[in-house]
Each structure stands twice: as C-alpha cells, then as structure tokens.
Amino acid sequence: MGTPETSREPCPDRIIDDVGGAFGMGAVGGSAFHFLKGLYNSPQGARFTGAAQAVRLNGGRIGGSFAVWGGLFSTFDCTMVHVRGKEDPWNSIVAGAATGGFLAMRQGFASSARSAAFGGVLLALIEGVGIAVNKFVSAQQPMPIMMDEMPPPEELDSNNGAKAWFGGLFGGAKEEEKNTGGSEVNILESFDAPPVPNFEYK
C-alpha cells in the first residue's frame with residue numbers, strides 16, 4: 001500500500017495531473033451544487049431549464065477556480081521537493097500556505113496572511129489525518145499464516161501418507177500421543193515473524 005507521496009506522479013508531470021484532477025472535481029461538484037440550487041430557485045414549470053442554465057454558467061467557472069488552486073499547489077509542492085530534496089508532509093503544508101497566501105495577495109497583506117495561515121492549517125490537518133489512517137491500517141493488517149510444507153510423495157508410503165493427511169482430522173494425532181506415554185519431549189520450532197511494514201514519512 002503506497003503512501004500519498006509515493007503513489008503520485010513524478011514532480012514535473014504532477015502539476016498537469018493535479019490541474020486536470022482539480023478541474024474535474026470542481027466542475028463535477030460545482031455542477032451538482034448549482035443544478036440543485038437552480039432547481040430550488042427557479043419558478044414552477046421552468047425548474048429544469050433554470051437548473052441547466054445555472055450549471056452552464058457556473059460549472060466551468062468553479063472547475064477553473066479549482067484548477068488554478070491545484071496548479072499553484074502542485075507548483076509550490078514541486079518547488080519544495082526540489083529545494084529540500086525529499087518528499088514529506090512539510091512540503092504539502094508549506095505549499096498549502098503559499099497557495100492560500102498567493103491567491104489572496106490582491107486583497108492586501110493582512111488578508112493574504114490569514115489565507116496563508118488557513119491554508120497551512122488545513123493542509124496540516126489533512127496530512128495528519130492521512131498519517132493516522134496509514135498507521136491504523138498498518139496496525140490492522142493480519143499476520144500471514146505460516147503453514148508447514150508436506151514432505152514430497154516419494155518419502156511417504158501409502159499408509160503413512162493416509163495417516164499424515166487424515167490423522168489430524170480424526171484424532172490420530174491424539175492416539176499417537178497416548179501411545180508415547182508422555183515420556184517424549186516435543187520441541188517446538190521457533191520461527192521469525194515477517195517484519196511489520198512501516199508507513200511513516202521520511
């Protein structure tokens with residue numbers, strides 16, 4: 001299971017990928033929102049026409065706004081990856097703050113600073129939730145079951161093979177333990193468990 005950083009496109013192609021994804025998400029979500037809003041606000045008998053007109057006027061605009069945000073975010077993210085030389089959640093947090101501040105730059109320094117702080121906090125929350133989910137999923141993964149291999153058929157004659165296959169199912173193993181009288185010492189073979197994968201960011 002890849003982390004969000006390792007499952008994304010490499011950095012120059014990431015910008016185009018994020019612009020397209022953000023535009024699609026904004027266009028679909030904005031169209032659905034404005035379709036419902038147009039249905040509600042249109043007069044009786046022209047609800048569907050009003051909803052379609054609201055989608056036509058607003059769907060592309062919302063998608064374009066999302067595309068601008070996604071493109072700026074990916075550009076700042078790739079810049080941080082290039083400057084720092086590694087991919088970790090700090091790149092996304094700084095990119096979110098820089099994107100929020102850059103988009104609000106025309107409203108003045110105070111508004112830009114507020115938008116930058118909001119963008120950084122929002123991306124920090126998103127990255128924190130992603131790390132927590134990755135840790136929870138990795139802790140819930142079941143350990144693989146280790147099964148002993150059966151010896152090849154050449155080493156088993158027909159009688160011993162039948163006992164080996166059906167002995168454990170019908171109590172043959174218990175009879176063998178009764179026959180030993182408890183004088184034999186059974187040594188359990190220890191095995192090393194496979195390493196647990198670590199999904200922490202480096």
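How many nonpolar, polar and charged residues does the lining of the largest pocket have? By class, this lining has seven nonpolar, three polar and three charged residues, where Ala, Val, Leu, Ile, Met, Phe, Trp, Tyr, Cys and Pro count as nonpolar, Asp, Glu, Lys and Arg as charged, and the others, Gly among them, as polar.

The model is a predicted one, in which local features need pLDDT of at least 70 and side-chain atom pairs count only at pLDDT 80 or more, while totals for chains, interfaces and linings use all residues. Residues are numbered from 1 along each chain as its sequence is written, and side-chain values use heavy atoms, with hydrogens and water left out.

**The largest pocket**

The volume of the largest pocket is about 360 Å³, a volume being the space filled by probe spheres set on grid points that are joined across faces, edges and corners. A pocket is here an open set of points, on a 1 Å grid over the protein atoms alone, where a 1.4 Å probe fits, with protein on both sides within 12 Å along at least five of seven lines, and lining residues have an atom within 4 Å of a point. There are 13 lining residues, of which A22, M25, F66, W69 and G70 lie nearest the centre of the pocket. Two or more residues of the lining are given by each of α1 and α2 (47-84), and α2 provides the largest share, six residues. Helices are DSSP runs (H or I, at least four residues), numbered from the N terminus.

Accessibility is given as relative accessible area (buried under 20%, exposed over 50%, partly exposed in between; 1.4 Å probe, protein chains only). F35 is partly exposed at 26%, whereas F48 counts as exposed at 60%; F76, at 25%, is partly exposed, and F102 is partly exposed at 42%.

**Around G29**

G29 is placed in helix α1 (residues 11-41) and is partly exposed, with a relative accessible area of 40%. The C-alpha atoms of G29 and I62 are separated by 8.4 Å, although these residues are 33 residues apart along the chain.
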